[in-house]
Amino acid sequence: MRERFASRFVRNALLLVGAYVAVNLWQTRDLAHGSLPEFSLPTWNEGVQLDSSALAGKRSVIFVFAPWCGVCEMVWPSIQTVRTYFPHETTNFIALGLDWESRDQLTPFVSQDSSIVLALG
């Protein structure tokens, strides 16, 4: 009885993992693998632009958020923590704020140590 349960459990677990991998591959099939398109965005620091050319040659992590999004607020401390694990020389971290009305709404998303660039979308 236990052996039958164990074999069913293993079979179901393998099917679940296989389905997860298949769905993940299918969902990411159209993602661009390569360079970003050219862009230029204003940043939190007035008068400073973020150009795509400045990101060349490094990995880039782009966190897209809206100030009214509760999940974004909950995830923000984790993004800041993850930033500490990657060297500044090899990885760009950009927080892209969308759907905001005033700069005051973006204040909670300003990185205390300036290691994450806050771009205004």
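The structure is a predicted model, in which local features need pLDDT of at least 70 and side-chain atom pairs count only at pLDDT 80 or more, while totals for chains, interfaces and linings use all residues. Residues are numbered from 1 along each chain as its sequence is written, and side-chain values use heavy atoms, with hydrogens and water left out.

I begin with the chain. It contains two helices and five strands; these are DSSP runs numbered from the N terminus, with helices being H or I of at least four residues and strands E of at least two. From the N terminus, the order of elements is α-β-β-β-α-β-β. The radius of gyration is 20 Å, well over the 14 Å that the globule rule gives for 121 residues, so the chain is more spread out than a compact globule. Here the radius is taken over C-alpha atoms, and the rule is 2.2 Å times the number of residues to the power 0.38. The C-alpha trace spans about 70 × 30 × 25 Å along its principal axes.

I turn to the sheet. Three strands form an open sheet in the order β3-β4-β5, with parallel pairing; two strands pair if DSSP finds at least two bridges between them. The edges are held by β3 (59-65) and β5 (117-120), each with a single partner strand, so one side of each lacks a neighbour in the sheet. Between β3 and β4 (residues 91-97) there are seven bridges, and S60 has N92 as its bridge partner in β4.

Helix α2 (residues 70-83) packs on this sheet, touching β3 and β4, and its direction makes about 165° with that of β3. Contact means heavy atoms within 4.5 Å; axes are lines fitted to C-alpha atoms, for helices over the stretch in contact, and angles run from 0 to 180 degrees between N-to-C directions. In α2, residues C72, W76, I79 and R83 are buried, where buried means under 20% relative accessible area, exposed over 50%, and partly exposed in between (1.4 Å probe, protein chains only). The buried residues of α2 pack against β3 and β4. The helix bends by about 35° at W76, and a proline, P77, follows within four residues. That bend is the angle between axes fitted to the seven residues ending there and the seven starting there.

Finally, V48 lies in the loop between β1 (40-42) and β2 (49-51). V48 counts as partly exposed because its relative accessibility is 40%.
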